[in-house]
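Please have the 3D view open as you read.

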Number of protein chains: 2
Amino acid sequence: MARPKRSEQTREALITTGIEQLSLHGYHGTGIKQILDAVNVPKGSFYHYFASKEAFVAEIIRVYSAQLLTQLDDFLANSDESPLAQLKTVYCLMLDRFSSQNCQQGCLIGSIAAELGNQSELCQTAMLESVAKSKQVVGALMQQAQEAGQIRNDYTAEQVTAVFWATWEGSLLQMKLEGNTDSAKEILFLMLDGLLKP
Amino acid sequence: MARPKRSEQTREALITTGIEQLSLHGYHGTGIKQILDAVNVPKGSFYHYFASKEAFVAEIIRVYSAQLLTQLDDFLANSDESPLAQLKTVYCLMLDRFSSQNCQQGCLIGSIAAELGNQSELCQTAMLESVAKSKQVVGALMQQAQEAGQIRNDYTAEQVTAVFWATWEGSLLQMKLEGNTDSAKEILFLMLDGLLKP
């Protein structure tokens, strides 16, 4: 495999640092300068890589989402758990990861959605696409869990996924606010073992 | 009644404008300067009113939350609907209000929680207190609805309220992202008429 070009490496480094900084400080709290400084890139060359801060953040959303989906696919390909157990494992793993980051980096997309809403068309499009893709994977798992009699089937998999998704995003706000995952974990199990039970 | 002092009026105007700007632009996206300009207050005198931006935002959170609670109390005092119908009315009214603001001003506390988490102790304390107070009122309604056989009672009112709260906050993120209240409304009724049904 050819070694990635230097400019490609720099672009990737900008995105990686951008994901970290945005997760911690949000859209308006993250300055391009601090990211460039961290990656040791001169200020003038930012526009060599991205057309604008908006375009940069939209790309970050896409990369972040693709990374999560790859991790999820890898996990599912190697798991022989039941669909419901897979859902629990996936979400508990995410909570564990957030916990190891002091509960201050929740779902990047949820945080940017809270801050920007639909104010940036570029970022909105990237977020809507990312959410749709992730919901497809979670929705497929929900449907398998419904077919296995593990999740109630008086609503479609899509409806159940929509409620579950909203509950998850809301519980992450609470996690960030409280600084621990206790409530988020309780709410997760109240949903999967309680309200969504057949 | 004595007329409020001029400085008290200015303080209130700063808070009112602060609520609007923070709801739209978030913590880091809201500059003190733009608020002072809007209220016609010279820059130097901000610290006459508030010790810091953090203290200002913490006060905004308290005032915003107290206003919502007063509106909720007024509504409940004048309503003869059933507890479940009251819950539906209250949340639909909030969605109508958000809708009239182009769905870009969701729950101020949820948005600041997403952005700041526990990074500012002053704001965190104000948010935790506000959430606890609101949950108490909603929790009492949930309990009445449980006692009236309108909401499932296999979980405590506190547990049901915790899940409902998270779902609501998450659905508001979706509202901001999508720019309409369709999903939020669907999720609201899926909870109250579906997953939380006895």
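At which residue does H1(B) bend, and by about how many degrees? The bend falls at Ser23(B) and amounts to about 85 degrees. Please keep in mind throughout that this is a predicted model.

## A bent helix in chain B

Helix H1 of chain B covers residues 6–29, 24 residues in total. Its end C-alpha atoms are only 28 Å apart, whereas a straight helix would reach 34 Å at 1.5 Å a residue. The bend at Ser23(B) sits within this helix, and Ser23(B) is itself one of the buried residues of H1(B). Also buried in H1(B) are Leu14(B), Ile15(B), Gly18(B), Leu22(B), Gly26(B) and Tyr27(B).

What do these buried residues pack against? Within chain B, their partners are helix H2 (32–39), helix H3 (46–49), helix H4 (53–77) and helix H6 (108–116). From chain A, helix H1 (6–29) and helix H6 (108–116) take part as well.

Is Ile15(B) buried or exposed? Ile15(B) has 20 other C-beta atoms within 10 Å, so Ile15(B) is buried. Beyond its neighbours within four places in sequence, Ile15(B) is in contact with Glu59(B), Ile60(B) and Val63(B). The C-alpha atoms of Ile15(B) and Ile61(B) are 9.4 Å apart in space, although the two residues are 46 residues apart in sequence.

## How the two chains meet

Chain B superposes on chain A through a rotation of 180 degrees, with 0.0 Å of shift along the axis and an RMSD of 0.0 Å. That is the relation of a two-fold axis. The copies meet through the same surface, because 100% of the interface residues of chain B are also interface residues in chain A.

How many residues does each chain bring to the contact? Chain B gives 38 residues and chain A gives 38 residues. On the chain B side, the elements giving two or more residues are H1, H6, helix H7 (121–147), helix H8 (157–178) and helix H9 (182–195). H8(B) provides the largest share, with 14 residues. By class, this side of chain B has 16 nonpolar, 18 polar and four charged residues.

Ser111(A) gives a residue-level view of contacts that reach the other chain. It is found in helix H6 of chain A, and with 28 C-beta neighbours inside 10 Å it counts as buried. Apart from neighbours within four places in sequence, Ser111(A) is in contact with Gly26(A) and Gly106(A), and also with Ala114(B) and Glu115(B).

The largest nonpolar core has 103 residues. Those with the most contacts inside it are Ile61, Ile112 and Met127, in chain A and in chain B. Leaving out residues up to four places away in sequence, Met127(B) touches Leu177(A) as well as Ile61(B), Ile109(B), Ile112(B) and Ala113(B).

Met127(A) is among the buried residues of H7(A), as are Cys123(A), Ser130(A), Val138(A) and Leu141(A). Helix H7 of chain A has 27 residues and reaches 38 Å from its first C-alpha to its last, close to the 39 Å expected at 1.5 Å a residue. Its buried residues are covered by elements including helix H4 (53–77), helix H5 (83–100), H6 and helix H8 (157–178) of chain A, together with H8 of chain B. Glu129(A), also found in helix H7, is partly exposed, with 14 other C-beta atoms within 10 Å.

## Positive phi values

Most residues other than glycine have a negative phi. Asn102(A), in the loop between H5 and H6 of chain A, has a positive phi near 60 degrees. Asn102(A) counts as partly exposed, with 14 C-beta neighbours inside 10 Å.

Asn40(B) has a positive phi near 65 degrees and lies in the loop between H2 and H3 of chain B. With 8 C-beta neighbours inside 10 Å, Asn40(B) counts as exposed. A glycine joins this group too: Gly149(A), which follows H7(A), has a positive phi near 75 degrees.

Methods: Residues numbered from 1 in each chain as written. Chains lettered and ligands numbered in written order. Predicted model: local features only at pLDDT ≥ 70, side-chain atom pairs only at ≥ 80, totals over all residues. Helix = DSSP H or I, 4+ residues; strand = E, 2+ residues; numbered from the N terminus. Expected span 1.5 Å × (residues − 1). Bend = angle between axes of the 7 residues up to and from the residue. Buried ≥ 20, exposed ≤ 12 C-beta atoms within 10 Å, placed from the backbone. Contact = placed C-beta atoms within 7 Å. Least-squares fit on C-alpha atoms with pLDDT ≥ 70 in both. Core = buried A, V, L, I, M, F, W, Y, C linked by C-beta atoms within 7 Å. Nonpolar A, V, L, I, M, F, W, Y, C, P; charged D, E, K, R; others polar.
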